[in-house]
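Morning, everyone. I have one structure for today, and I'll keep it brief. Please look at the sequence and the model on the screen.

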Amino acid sequence: GGIELIDEVRKTDKSIPILIITAYGSIESAEEAIHKGAYDYITKPFRKEQILIAINRALEWKEMKREIDYLKRDK
């Protein structure tokens, strides 16, 4: 399932922003996904624009995190 996949992805690369898309969302599963490291949690039905916005925000977050890590190394 998606929650288990989060654990596997985090073992490989902690910097990958994970977007969860589900047809059977609940507050509990959203909390668990975010707690385990998902960047966003989207329930079906969704609009195409909603996914595009989430992807764009996730990529911006990843770039900002990369820049912060780079700046921290320079100190």
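Read along the sequence, what pattern does the protein chain follow? The pattern is α-β-α-β-α. That comes from three helices and two strands, taken as DSSP runs (helices H or I, at least four residues; strands E, at least two) and numbered from the N terminus.

Some ground rules. This is a predicted model, where local features need pLDDT of at least 70, side-chain atom pairs count only at pLDDT 80 or more, and totals for chains, interfaces and linings use all residues. Residues are numbered from 1 along each chain as its sequence is written, and side-chain values use heavy atoms, with hydrogens and water left out.

Overall dimensions next. The C-alpha trace spans about 45 × 25 × 20 Å along its principal axes. Of the 75 residues, 23% count as buried, meaning under 20% relative accessible area with a 1.4 Å probe, protein chains only.

Now helix α3, residues 48-74. The expected span uses 1.5 Å times one less than the number of residues.

Which residues of α3 are buried? They are I51, A54 and A58. Their cover includes β1 (18-22) and β2 (38-43).

Contacts, meaning heavy atoms within 4.5 Å. Among those between residues at least 6 apart in sequence, 33% join residues at least 24 apart.

That's the chain. Thanks.

Definitions and conventions. Buried < 20%, exposed > 50% of the residue type's maximum accessible area, 1.4 Å probe, protein only.
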